[in-house]
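Subject: Structure handover

Hello,

Here is the structure for you to look over. My notes on what was found follow below.

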Amino acid sequence: MDKNLEVLKEVCKGVKMGMDAISYVSDKTEDENFKNVLNHEYSMYNNILDKVDDAYSNYGEIPGDSSIKDKAMLWYGIQINTIKDTTSSKLAELLVQGTNMGIIEGRRLLNHNEDLDTDVDKLLNDFVNFQEETVEKLKQYL
């Protein structure tokens, strides 16, 4: 598979996981300020997903859906970790942990794929930078 498509696939997976995590977590909070942050982050993920979809079309591909297994594991993990604690602090902690995993994978992709097409490289950089900004916003709720 083309490196550009591999990177797009990973970004797409990360975006969808982020959106799913926010969906699962936002139902658990009553903190309106935190909910507003989550809604904004979800919207930003959605904007990136639109760009990923556009980039896929440049390669004659259509992005796939997240695997049911990945979604189920994410949902289950959030449910288990919030049985006793649904404070904004706990929810932010879970999101920071997941987002940090995305940052690590994104940085790894950037470091090992210097010859990406310009649009894919920019999309990957934008996604990683967005995730880093997200972690900074979520830290205030820890």
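A salt bridge here is a side-chain nitrogen of Lys or Arg within 4 Å of a carboxyl oxygen of Asp or Glu. By that rule, the structure holds 7 salt bridges. Please note that this is a predicted model: local features need pLDDT of at least 70, side-chain atom pairs count only at pLDDT 80 or more, and totals for chains, interfaces and linings use all residues. Residues are numbered from 1 along each chain as its sequence is written, and side-chain values use heavy atoms, with hydrogens and water left out.

Salt bridges

Lysine 137 and glutamate 41 pair through their side chains, at 3.4 Å from N to O. This pair links distant parts of the chain: lysine 137 is in helix H5 and glutamate 41 in helix H2, 96 residues apart. Helices are DSSP runs (H or I, at least four residues), numbered from the N terminus. Glutamate 41 counts as buried because its relative accessibility is 2%, where buried means under 20% relative accessible area, exposed over 50%, and partly exposed in between (1.4 Å probe, protein chains only). Lysine 137, at 30%, counts as partly exposed.

Two other bridges sit within single helices. Arginine 108 meets glutamate 105, with the closest N and O atoms 3.3 Å apart. Both lie in helix H4, 3 residues apart, about one turn of the helix. Aspartate 126 meets lysine 122, with the closest N and O atoms 2.8 Å apart. Both lie in helix H5, 4 residues apart.

Core

A nonpolar core is a set of buried Ala, Val, Leu, Ile, Met, Phe, Trp, Tyr and Cys residues joined through side-chain atoms within 4.5 Å. The largest one has 39 residues; Val11, Val15, Phe34, Ile48, Leu95 and Leu124 touch the most other members. H1 gives the most to this core, with 11 residues.

Surface

Trp75, Tyr76, Ile80 and Ile83 form a nonpolar surface patch, with about 460 Å² of accessible area together. Patch residues have over 30% relative accessible area and no salt bridge; nonpolar side chains (Val, Leu, Ile, Met, Phe, Trp, Tyr) are joined within 5 Å, like charges within 9 Å. Areas come from the Shrake-Rupley method with a 1.4 Å probe; for residues, only the protein chains shown count as cover. Tryptophan 75 is found in helix H3 (residues 68-81). Tryptophan 75 is partly exposed, because its relative accessible area is 43%.

Best wishes
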